[in-house]
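Please prepare a short briefing on the structure below. Group the points by topic and keep the wording plain.

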Amino acid sequence: MYKLGSYRQRLDVSFGESEIREQFNTIHLSYLLQQLQVESEHLNSLQKRFSRPTLNIGVVGLMGQGKSTLLKTLSGLTDKEIPALEGGACTAVRSTIKNYQGESLANKNSEDTTVKFNGVGSSLYGIQEQMVLPKPNPSVQVEVTLHSESSFLNEVIYPYYDELGLAKKPYSLEEFANQVFPEQGVAGASHEEMYKRLCDDYHRNLSQYRALIRSGNPRSLKIQAAEITDYVMQKRDGTQQNHLTTFKHLAVKEVKIVCPFKNPDVGKIALVDVPGLGDSKLGDETLMLETLGKEIDVVLFIKRPDPQRYQWQRLDTQLYDQAAQALNDLEKRSFMILNYSRRTENLRAARPTELASIGGKSGDNESGVSDDVYQSIVGATLYPTSAFVFTL
């Protein structure tokens, strides 16, 4: 900037005509540099996108719409790896599931030939105690990234302080642990739920997950497929207080899973699951925008239509608008997946929802597909319009 200003002064002196000098002085170097910075960031983003080895498909939806079930359907994983249970959000962590159709991941990473029996290391060819341990799945590789103290405070805890207007943010886990939260700290129903989440989930249970969070940078752990649910599942006791009964997910930043998908022909794709939006947990919207803006090529919006309400709800359109902030040309890069549930028999709701675009347009079935044909393809393939129906 200083050099450009210096060159500008030298050129300004060299101009003989005052009219040329006036036009030259109308050029705002600071504005041009700002625009160059913006374009440079766009180019860096495109470079990262086109250098990725996979096509990244983001799966986005409100809480309890069937995202986890869709991920299982596409990847071939089970409830043991991706929990999908009735009632509220199951997965509370951003997860990336990458298709890998090469040699066994166990063979690829077979340098360590030591196994454990009763907690004691033993050579594969040595004497082993008579104990049966869960057999690892060699086709699934899992990496869990845990929050550091700094990322946990900045990304998880501080959003509550900002939204609720709480004073004196903690600058360490120790300070957070020692803070005293009054029983009635905020006013308003929505803020009360957020305050309860901060106090009951994160503060009261800190001792349950604190050991996973360390100073420095976020760290990664290699775990077995059978351990995934321990780190991503959010489970509650079902009482009036609705207390958490699982805690590790509170310390997890993200999870990456590499496995062979059920259909090997899908190629090099990765499914990116963003935690379900719509509850009182803060930070998920920011996480969604960051994920969509930096990691996603195509978006799948998933919705389970209410059998009693056929229209798009305000939360649905808000979710779409939020995603549009992070992805340009979203209408060309996104698809709506409607979850047909046999349990709730919402097929009648799914059809008009499908035929009405999320932008608010409505109309008759212009696809020319008869009811009989429609019934025959529901649950097996895609409905040939802008929104698709799956039986999950």
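Leu289 touches Gln322, Ala323, Gln325 and Ala326, leaving aside residues up to four places away in sequence; a contact here means heavy atoms within 4.5 Å. Leu289 lies in helix 11, and its C-alpha atom is separated by 6.4 Å from that of Ala323, 34 residues apart along the chain. This is a predicted model, in which local features need pLDDT of at least 70 and side-chain atom pairs count only at pLDDT 80 or more, while totals for chains, interfaces and linings use all residues. Residues are numbered from 1 along each chain as its sequence is written, and side-chain values use heavy atoms, with hydrogens and water left out.

**Second largest pocket**

- The second largest pocket has a volume of about 550 Å³.
- Of the 19 residues that line this pocket, the closest to its centre are His42, Ser45, Leu46, Gly293 and Lys294.
- Helix 3 (29–51), helix 11 (284–295) and helix 12 (314–326) each supply at least two residues of the lining, and helix 3 gives the most, with 7 residues.
- A pocket is found on a 1 Å grid over the protein atoms alone, as an open set of points where a 1.4 Å probe fits, with protein on both sides within 12 Å along at least five of seven lines; lining residues have an atom within 4 Å of a point.
- Grid points are joined across faces, edges and corners, and the volume is the space filled by probe spheres set on the points.

**Whole chain**

- The chain has 14 helices and 11 strands, taken as DSSP runs numbered from the N terminus (H or I, at least four residues, for helices; E, at least two, for strands).
- Buried residues make up 39% of the 392 residues; buried means under 20% relative accessible area, exposed over 50%, and partly exposed in between, with a 1.4 Å probe and protein chains only.
- Among contacts between residues at least 6 apart in sequence, 70% join residues at least 24 apart.

**Nonpolar cores**

- The largest nonpolar core has 53 residues, and those with the most contacts inside it are Ile97, Phe152, Ile157, Tyr202 and Ile257.
- Helix 6 (residues 149–164) provides the largest share of this core, 8 residues.
- A second, separate core of 16 residues includes Leu292, Leu319, Met336 and Leu338.
- Such a core is a set of buried Ala, Val, Leu, Ile, Met, Phe, Trp, Tyr and Cys residues joined through side-chain atoms within 4.5 Å.
- Among the residues that Tyr202 touches are Phe152, Ile157, Arg197 and Lys281, not counting residues up to four places away in sequence.

**Helix 4**

- In helix 4 (residues 67–75), the buried residues are Lys67, Ser68, Leu70, Leu71, Lys72 and Ser75.
- These buried residues pack against strand 1 (55–60), strand 2 (94–99), strand 8 (269–273) and strand 9 (298–303).

**Loop residues**

- Ser148 sits in the loop between strand 5 (141–146) and helix 6, and counts as buried because its relative accessibility is 2%.
- Ser148 touches Ile213, Arg214, Gly216, Asn217 and Pro218, not counting residues up to four places away in sequence.
- Lys168 lies in the loop between helix 6 and helix 7 (173–178), has a positive phi near 55°, and is exposed, with a relative accessible area of 64%.
- Asn242 lies in the loop between helix 10 (228–232) and strand 7 (252–259); its phi is also positive, near 55°, and it is partly exposed, at 32% relative accessible area.
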